[in-house]
Amino acid sequence: MNNYRFLNLPKNPLINNFATIQNLLKSSEDNLARVGAGAQHNYECLTNVKDFISPNVLDIFQQLDLRPKFFACFAKKNISKLSIKDRQLHYDIFLDKKKNDWVSIPFAINWELTPGHTVFHWYDVPVEPGFPDKDREDLPLKELLAGTYYQSPGQRGLPNGTKLIEKVQVTGPILVKTSIPHSVSFDSTASTRYNISLRFEFDDAPSWEAALKKLEPLIVK
Ligand SMILES: [Fe+2]
């Protein structure tokens with residue numbers, strides 16, 4: 001349990017119904033049709049967190065002195081199963097405009113919204129990561145969320161010599177370390193797999209250790 005903690009949080013953090021988020025992700029689903037043609041993301045990042053995440057959940061974070069910055073919504077349409085060999089190994093980064101440089105994102109809190117078998121994997125990778133071109137215009141979300149790559153941009157699977165260091169089946173709301181190489185496999189029973197990933201102001205918890213400390217009251221023992 002080095003790279004994750006399950007959290008005592010509602011099973012679904014959304015306000016109202018699931019239909020809202022499904023509609024919202026429609027454009028994300030459409031993007032999937034272009035994955036093979038070079039679309040670089042299949043998620044949306046929403047900064048109007050209060051419109052989607054329930055006040056109860058937001059209150060909890062406020063009490064912990066953590067300000068939600070945005071959440072990423074992922075949708076995988078008509079893909080019921082993706083294994084690690086189909087995924088892009090990466091760690092999470094965002095483009096810090098002031099520094100004009102990539103900064104790693106230390107953690108996320110994730111919810112799986114559809115039934116299925118999702119496994120988060122963390123790896124030790126023997127090669128240095130590559131970073132997207134900072135000026136790329138087809139990465140519209142880069143100031144919020146992007147990812148490193150290994151070997152070549154968009155490369156799926158794992159480089160030779162990569163070692164699995166930890167994995168966990170996601171069975172509830174989970175804090176995950178996102179600043180080291182990771183990849184997620186899933187085998188969903190739904191036709192579209194949805195999940196959301198809540199991210200916080202960088203300065204509120206700029207490291208994994210800081211996140212653990214702030215979220216301590218929520219950690220499932
Ligand atoms: Fe990630």
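The legends below describe several close-up views of one predicted protein model.

**Figure 1. Overall content and confidence of the predicted chain.** Residues are numbered from 1 along each chain as its sequence is written. Because the model is predicted, local features need pLDDT of at least 70 and side-chain atom pairs count only at pLDDT 80 or more, while totals for chains, interfaces and linings use all residues. The protein chain averages a pLDDT (the predictor's confidence in each residue, from 0 to 100) of 88, and 89% of the residues score at least 70. Its secondary structure comes to four helices and 13 strands, where helices (H or I, at least four residues) and strands (E, at least two) are DSSP runs numbered from the N terminus. Of the 221 residues, 30% count as buried; a residue is buried if 20 or more other C-beta atoms lie within 10 Å of its own, exposed if 12 or fewer, and partly exposed in between, with C-beta atoms placed from the backbone.

**Figure 2. The open sheet E4-E12-E8-E10.** Four strands form this open sheet in the order given, with antiparallel pairing; two strands pair if DSSP finds at least two bridges between them. Strand E4 (81-82) and E10 are the edge strands, each pairing on one side only. Strand E8 (residues 116-124) is joined to strand E12 (residues 182-188) by seven bridges, and to strand E10 (residues 163-169) by six bridges. Phenylalanine 120 stands opposite valine 184 in E12, and in E10 the bridge partner of phenylalanine 120 is valine 168. Tryptophan 122, for its part, has histidine 182 as its bridge partner in E12.

**Figure 3. Surroundings of aspartate 124.** Aspartate 124 lies in strand E8 and counts as exposed because it has 12 C-beta neighbours inside 10 Å. Leaving aside neighbours within four places in sequence, aspartate 124 is in contact (C-beta atoms, placed from the backbone, within 7 Å) with Lys163 and Ile165. The C-alpha atoms of aspartate 124 and isoleucine 165 are separated by 6.4 Å, although these residues are 41 residues apart along the chain.

**Figure 4. The largest nonpolar core and a second, separate one.** A nonpolar core is a set of buried Ala, Val, Leu, Ile, Met, Phe, Trp, Tyr and Cys residues joined through C-beta atoms within 7 Å. The largest has 35 residues, of which Cys73, Leu175 and Ile196 touch the most other members. The elements that each supply at least two residues of this core include helix H3 (55-63), strand E3 (68-77), strand E13 (192-200) and helix H4 (208-215), and E3 gives the most, with five residues. Leucine 175 touches Tyr4, Arg5, Leu7, Phe107, Ile109, Ala211 and Leu215, not counting residues up to four places away in sequence. A second, separate core of five residues includes Trp122, Tyr123, Tyr150 and Leu158.

**Figure 5. The open sheet E6-E5-E9.** Three strands form this open sheet in the order E6-E5-E9, and the pairing is antiparallel. Strand E6 (101-104) and strand E9 (146-147) are the edge strands, each pairing on one side only. Two bridges join E5 to E9, and aspartate 92 stands opposite glycine 147 in E9.

**Figure 6. Residues 32-40.** Over residues 32-40 the pLDDT stays under 50, and for this segment the model has seven contacts beyond four places in sequence.

Notes. Contact = placed C-beta atoms within 7 Å.
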